[in-house]
Amino acid sequence: MRAAVLSRHDLDGLTVAVADVPAPGDGEVLVRVETVGVNQLDLNVIAGVGPGARAQLPRILGIDPAGEIIAIGAGVDQKRIGQTVVVKPNIACGQCAHCQAGDEADCPNQTVVGVHRDGGAAEYVVVPSRNAIDRHALDAAQATAVVHSASIVINAVRTVALAAGDRVLVTGAGGTLGRAAVAVALARGAQVVAASRRTLSPLGDEQLIQASGAPALAAALDGGEGFDVVLDVSGHAPTLSAGISALRWGGRAVFCAASVDSDLRIDARDFYLRRKRLSGVASARYDDVAEALALAAAGALPSLVGRRYALDDIATAYRDFPRKGDGKVVVDVR
Ligand SMILES: [Zn+2]
């Protein structure tokens, strides 16, 4: 099979090469891949930094492939052969207290497809059966775009118990995760304010704020009625900080990215006296993924698919990633 193999920690170390088709072991399935996404995590693996430093090379990249199950290992239901699936990247350990309580998103022993084991930027990939999730009739590219973005947003709104009628601020609303966040909050019946550096077009009846940075956002929110929930997907700590300041009494903030900077400043007195709360969400539970896919299949999410590349051009897709434009970058493997 053809696969995008990283053999050293730089982009020139990535080649589309011939590799053996993997065989599914106990509890695993073999997926014939149609699409896979291009993610910041891949770039971390390529550079050998942060969570990507865990990858042992050579490694086939690709965290979120979608395709069809064509073979199964021992202990997997025969009926799964032929099922169209998308792969949840994070594999929970199944043993720890979090996993035992059904909270696999918080499992400290998670491994990731395309980081700790070979991924799906290849014609075939083997994953644990449980991580190959039925995508029903959902298009492969859309499923790839949803599985790691909208699922985290579902976890985030669950974490802050977002309810119909809540006043919700989404910061970083212009990106893939942000568009998913706005759509999910609208689908839950929230009153949504969407803030971004760029000019946004509305997905529903949300109010739009264009602010060129955190000080401009803080100025735009100053003196307003405040928010029950802030959903930050900007990855930008000053933006999250501006959102936390704009929370009402008892308001809940949740953030789903910390990619830009990590120096978060909070007015501790205001945070404490006004009973605010803050949570971070970095992955999703299996039922979050199923819910995100169901929302997408029901048409409640906008198309999150952006630019597309052929597998042979995957290095170009990574090179272009900083200027990728709107939506999730998707590689068509076949
Ligand atoms: Zn666990």
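Reader: So which residue lies over the face of Y124?

Author: R334 does, at 5.5 Å from the ring centre of Y124. A charge sits over a ring here if NZ of Lys or CZ of Arg is within 6 Å of the ring centre and within 35 degrees of the ring normal. K88 lies over the face of Y286 too, at 4.7 Å from the ring centre.

Reader: What am I looking at, and how are things numbered?

Author: It's a predicted model, where local features need pLDDT of at least 70 and side-chain atom pairs count only at pLDDT 80 or more, while totals for chains, interfaces and linings use all residues. Residues are numbered from 1 along each chain as its sequence is written, and side-chain values use heavy atoms, with hydrogens and water left out.

Reader: OK, and how many aromatic pairs?

Author: The count is zero. The rule pairs rings of Phe, Tyr and Trp (its six-membered ring) if their centres lie within 6.5 Å; planes under 30 degrees apart count as stacked, over 60 as edge-to-face and the rest as tilted.

Reader: Switching to sheets. What's the strand order in the open sheet of six?

Author: β13-β12-β11-β14-β15-β16, with parallel pairing. Strands are DSSP runs (E, at least two residues), as are helices (H or I, at least four), numbered from the N terminus; two strands pair if DSSP finds at least two bridges between them. At the edges are β13 (207-210) and β16 (277-280), each with a single partner strand, so one side of each has no neighbour in the sheet. From one strand to the next, the twist averages 15 degrees.

Reader: And which helix packs on that sheet?

Author: Helix α7 (residues 237-245), which touches β11, β14, β15 (247-255) and β16. Its direction makes about 155 degrees with that of β15; axes are lines fitted to C-alpha atoms, for helices over the stretch in contact, and angles run from 0 to 180 degrees between N-to-C directions. Contact means heavy atoms within 4.5 Å.

Reader: How many bridges between β11 and β14?

Author: Four, in the parallel sense, between β11 (residues 167-171) and β14 (residues 227-232). L169 stands opposite V230 in β14.

Reader: Now α5: buried or exposed?

Author: 10 of its 12 residues are buried, so α5 is largely enclosed by the rest of the structure. Buried means under 20% relative accessible area, exposed over 50%, partly exposed in between (1.4 Å probe, protein chains only). The cover over those buried residues includes α4 (150-159), β11, β12 (191-196), β14, α9 (286-297) and β18 (328-332). After α5 comes G189, with a positive phi near 85 degrees.

Reader: Which non-glycine residues have a positive phi?

Author: Among them are A161, at about 50 degrees, and R275, near 55 degrees. A161 is in the loop between α4 and β11 and counts as exposed at 52% relative accessibility. R275 sits in the loop between α8 (268-273) and β16, and at 49% it counts as partly exposed.

Reader: Where's the cis peptide bond?

Author: From L57 to P58, with omega near 0 degrees. P58 is in the loop between α1 (40-47) and β4.

Reader: Last one: what does L61 touch?

Author: Leaving out residues up to four places away in sequence, L61 touches A4, L6, L14, V45, I46, G114, G119, G120, A121 and Y318. L61 counts as buried, at 0% relative accessibility. Two of those contacts also face each other: L14 in β2 is the bridge partner of L6.
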